[in-house]
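Colleague: I am new to this structure and would like to learn how to read it. Could you take me through it feature by feature?

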Amino acid sequence: AKFKLGDAIKRTINRGGKVLIPSFTLERAQEVLYLLNELLKEKAIPSIPIYVDSPLATDITEVFKNNLSYMDPDTRQAISQGDSPFEFLNLEFIRDQKDSKKLNIDKRPMIIIAGSGMCESGRILHHLKNNIQESRNTILVVGYMAKDTLGKRIVDKQRLVRIYGVEYELNAEVVVINSM
């Protein structure tokens, strides 16, 4: 999973695009952050802005940070030595909707992790609407997509997908990491 994630990110950055990661806010978003931190430490991906655009994922990540006793020994040790997988350079947690909307006008390469996991609601819809038609961007699917959801239509690479009642061309690269 880590190699495929790093590879997709590097390809997208080389095209000058954004990586959109629809994610479940509990556990999956934190798992993605953990892997991104590993890739950055190994210098397997360049350092670009990473946004967790979800008030709920932000709150849940705080719960993770405050409950170290539930983490494996390696993670506990890393955090106690100041190397938290949830706090690293260029990582920003976004609560405010205004800040979320600013990401759509920012054309720099970046990674945006946003809910919902099935792409049926939440802030990911705005990011998809604004970025799905650009071939330089990537939609990175890291979770299960149920039948009859926008997420499943993206996984199936349907040519046209409907977001907020409007059809958009799916030109962004779609990468599915089933091992997560």
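Modeller: Start with empty space. Rolling a probe the size of a water molecule over the atoms shows where empty space is left. In this predicted model, the largest pocket holds about 240 Å³ of space.

Colleague: Which residues line the largest pocket?

Modeller: The lining consists of Glu 27, Gln 30, Glu 31, Tyr 34, Phe 64, Asn 67, Tyr 70, Met 71, Asp 72, Thr 75 and Phe 86. By class, five of the lining residues are nonpolar, three are polar and three are charged.

Colleague: Which element gives the largest share of that lining?

Modeller: Helix α2 does, with three residues. The helix spans residues 28-41 and lies across β1 (18-22), β2 (50-53), β3 and β4 (110-114). Relative to β4, α2 runs at about 160°.

Colleague: How many cavities of 30 Å³ or more does the structure hold?

Modeller: There is one cavity of that kind. The largest cavity has about 40 Å³ of space. Its lining is made up of Gly 16, Gly 17, Lys 18, Asp 106, Lys 107, Arg 108, Asn 131, Arg 136 and Asn 137. That lining has no nonpolar residues, four polar ones and five charged ones.

Colleague: Now the strands. In what order do the six strands of the open sheet come?

Modeller: The general idea comes before the case. Strands of a sheet pair through backbone hydrogen bonds, either parallel or antiparallel. Here the order is β3-β2-β4-β1-β5-β8, and the pairing is parallel. The edges are β3 (91-94) and β8 (173-176), each of which pairs on one side only. From one strand to the next, the twist averages 20°.

Colleague: How many bridges join β5 to β8?

Modeller: Four bridges join them, and β5 covers residues 138-141. As a reference point, Val 141 stands opposite Val 176 in β8. β5 also pairs with β1, in the parallel sense, over two bridges. There, Val 19 has Thr 138 of β5 as its bridge partner.

Colleague: What about β1 and β4, and over how many bridges do they pair?

Modeller: Those two pair over five bridges, in the parallel sense. Ile 21 faces Ile 113 of β4 in that pairing.

Colleague: Is β1 mostly covered or mostly uncovered?

Modeller: β1 is mostly covered, as five of its five residues are buried.

Colleague: Which other residues have a positive phi although they are not glycine?

Modeller: Among them are Asp 148, at about 65°, and Lys 157, at about 55°. Asp 148 is in the loop between β5 and α7 (150-155), and Lys 157 is in the loop between α7 and β6 (160-163). Asp 148 has a relative accessible area of 58%, so Asp 148 counts as exposed. Lys 157 is exposed as well, because its relative accessible area is 53%.

Colleague: And the peptide bonds: which residues does a cis peptide bond join?

Modeller: A cis peptide bond joins Gly 115 and Ser 116, with omega at about 10°. Ser 116 belongs to the loop between β4 and α6 (124-131).

Colleague: Arg 123 lies in the loop between β4 and α6. Is Arg 123 buried or exposed?

Modeller: Arg 123 is buried, because its relative accessible area is 14% and the cut-off for buried is under 20%. Beyond its sequence neighbours up to four places away, the residues Arg 123 touches include Asp 53, Ile 94, Asp 96, Ser 100 and Gly 115.

Colleague: Where is Ser 100, and what does Ser 100 touch?

Modeller: Ser 100 is in helix α5 (residues 97-105). Its relative accessibility is 4%, so Ser 100 counts as buried. Leaving out residues up to four places away in sequence, Ser 100 touches Asp 53, Ile 94, Arg 123 and His 127.

Definitions and conventions: Residues are numbered from 1 along each chain as its sequence is written. This is a predicted model: local features need pLDDT of at least 70, side-chain atom pairs count only at pLDDT 80 or more; totals for chains, interfaces and linings use all residues. Side-chain values use heavy atoms; hydrogens and water are left out. Two strands pair if DSSP finds at least two bridges between them. Axes are lines fitted to C-alpha atoms, for helices over the stretch in contact, and angles run from 0 to 180 degrees between N-to-C directions. Contact means heavy atoms within 4.5 Å. On a 1 Å grid over the protein atoms alone, a cavity is a set of points where a 1.4 Å probe fits but cannot get out, and a pocket is an open set with protein on both sides within 12 Å along at least five of seven lines; lining residues have an atom within 4 Å of a point. Grid points are joined across faces, edges and corners, and a volume is the space filled by probe spheres set on the points. Ala, Val, Leu, Ile, Met, Phe, Trp, Tyr, Cys and Pro count as nonpolar, Asp, Glu, Lys and Arg as charged, and the others, Gly among them, as polar. Buried means under 20% relative accessible area, exposed over 50%, partly exposed in between (1.4 Å probe, protein chains only).
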